[in-house]
Amino acid sequence: MLEVSNLSAGYDAKAVVLDVSVNVREGEAVAIIGSNGAGKTTLLRAICGLLPVSSGNVQYAGTSITNLAVHEIARSGIAFVPAQRHLFPEMTVAENLALGAFPHRPDPDQHALVLDLFPRLAERRHQAAGTMSGGEQQMLAVGRALMANPQLLILDEPTTGLAPRLAAQAYESLAALRGQGMTILVAEQQVPLVLGIADRGYVLENGEIQLEGLASDLRGNPTVQRAYLGVV
Amino acid sequence: MTAVILDGIVLGLQFGLLGVGLTVVYGIGGVLNLAYGQLAVVAAIVMSITMRSGLATGPAVLAGISAAVAIALLLNFTILKPVYKRDDEDRVLLSLLLTIGVAFIIDGFLVWRYPIEALSLNIDWDPVSILGVRMRAGSLLASAITLLAGGALIFFFRTTTTGKAARSVIQDEVGARLCGVNPAAVRTLIFALSGVLAGLFATTQAMTSPVPISAGFDFTITALLVTVVGGLGSIRGAFLAGLILGVVNAMSSFYIGSYVTTIILLAAAALTIVVRPSGLFGAKA
């Protein structure tokens with residue numbers, strides 16, 4: 001479904017990710033794990049058009065989306081939830097959700113599905129997004145991304161700024177989505193959480209893929225255990 | 001006293017409308033258009049010339065507004081192109097320098113070709129009594145047009161999908177793009193809208209006092225004051241600030257003298273900024 005081949009990208013001609021290849025098949029949940037500064041965010045931003053791809057190729061559903069404008073990629077069925085969430089702070093929860101469906105009118109079924117996943121958003125629908133707690137804002141960011149009925153959901157560090165309990169909750173909702181057949185690509189530092197829902201994973205360090213494999217294999221891998229799972 | 005306040009409200013509503021046109025362009029494009037007042041003046045001069053050559057008032061007003069829209073779009077598609085490649089303060093600064101240049105060019109052209117042109121729209125209906133004050137029909141019509149335009153703006157930004165998309169770009173451009181909003185398309189629309197507002201302002205101004213070719217920078221400064229007091233990028237802030245500054249303007253010219261009005265307006269704006277640095281409804285400092 002998503003095929004990233006030999007992608008390099010960065011800031012001001014300095015490559016942050018180098019020659020990275022990642023693929024995501026339909027219905028899969030794929031994790032990109034790596035420490036802070038490994039290039040996870042840069043990779044996802046380049047896929048979604050927020051950063052220019054300096055070389056390589058991004059194919060989605062059989063067509064190249066390399067260096068398309070962000071809004072064109074968004075309209076093609078890829079929803080991206082950045083770590084900073086980028087909500088509309090002065091708009092209500094309902095308005096934020098409605099804009100998720102832009103340029104179309106919100107689909108009632110999709111709306112119901114989102115509120116079913118995050119009942120808290122229904123309680124808060126008239127509240128301004130900027131006044132909500134971090135956990136609620138995270139729910140809204142994912143909910144808004146789902147409003148367009150995307151084929152592929154990409155998330156960057158969905159646990160950013162969340163207390164452990166809320167981080168676990170965030171992954172419970174991702175697991176529920178995955179159960180409904182959603183294709184998911186997620187970058188995460190909290191490796192135990194993300195490997196709990198992922199089918200496969202890539203380990204990104206210093207801008208390059210160091211390791212890839214099934215989530216179960218990665219959990220058993222000594223390097224991963226030492227670096228990310230706290231096993232000595 | 002009542003009469004002065006009513007005059008201030010008539011003026012303030014128009015200030016608000018003028019301010020909205022500047023503030024939405026700033027909010028969406030990150031562009032401070034210092035040729036904004038000149039857009040209103042060009043609209044006025046086009047109205048005046050077309051009316052003298054025999055066009056009826058209605059079509060002449062439409063022609064004037066269209067001229068302001070055309071210039072706004074021309075700026076958006078030509079000299080502002082390099083501006084959009086910059087970010088944040090760079091973008092504001094470059095837009096400010098380029099548009100002030102445009103303002104001088106327009107002013108120079110008008111002085112050269114139409115030195116004594118001015119627009120007056122005389123509404124010769126009977127005065128109407130409001131709260132015991134006889135109000136000129138021109139003032140009332142100007143206020144009615146402004147209120148209608150303000151209502152239409154609020155309807156557009158609050159309820160239509162396009163209007164909400166425009167607000168989303170003001171609040172978080174990256175978020176808007178991730179939702180599938182094309183900021184360049186929104187920017188084009190908002191520039192056209194600012195042209196319409198400048199043209200409408202010229203029309204309503206001309207109903208209460210003549211609009212000469214030299215009024216451009218005065219209009220821009222008024223719009224800037226309204227925008228800063230109301231909070232950059234805030235529409236309701238612009239209307240509230242317009243009303244406040246309109247009443248301050250009317251009171252100070254009546255009780256003190258029109259020569260110090262500008263000073264008092266600037267002082268009022270400065271005071272607001274000291275108390276609330278981001279303006280009455282500013283999103284962030």
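Helix α2(B) passes α5(B) in a left-handed crossing, where left-handed means that the near helix is turned anticlockwise from the far one by less than a right angle. This is a predicted model, with local features needing pLDDT of at least 70, side-chain atom pairs counting only at pLDDT 80 or more, and totals for chains, interfaces and linings using all residues. Residues are numbered from 1 along each chain as written, chains are lettered from A and ligands numbered from 1 in written order, and side-chain values use heavy atoms, without hydrogens and water.

Here, α2 covers residues 36–52 and α5 residues 88–113 of chain B, and they pack at about 25 degrees with axes 10 Å apart. That makes α2(B) roughly parallel to α5(B), a label for angles under 35 degrees. On the α2(B) side you'll find Q38(B), V41(B), V42(B) and I45(B), which meet A103(B), I106(B), D107(B) and L110(B) of α5(B); contact means heavy atoms within 4.5 Å. Six of the residues in this contact are nonpolar, one is polar and one is charged.

Now for the second largest pocket, which has a volume of about 500 Å³. Its lining has 23 residues, with F15(B), D218(B), T222(B), N249(B) and T262(B) nearest the centre; lining residues have an atom within 4 Å of a point on a 1 Å grid. Among the elements giving two or more residues to this lining are α1 (2–29), α11 (235–255) and α12 (261–275) of chain B. Helix α10(B) gives the most, with five residues. By class, the lining has 13 nonpolar, nine polar and one charged residues.

Note on methods. Axes fitted to C-alpha atoms, helices over the stretch in contact; angles between N-to-C directions. Helix = DSSP H or I, 4+ residues; strand = E, 2+ residues; numbered from the N terminus. Parallel < 35°, antiparallel > 145°, perpendicular 65-115°, else oblique. Nonpolar A, V, L, I, M, F, W, Y, C, P; charged D, E, K, R; others polar. 1 Å grid on protein atoms, 1.4 Å probe; cavity = no way out; pocket = protein on both sides within 12 Å on 5 of 7 lines; lining within 4 Å. Points joined across faces, edges and corners; volume = space filled by probe spheres on them.
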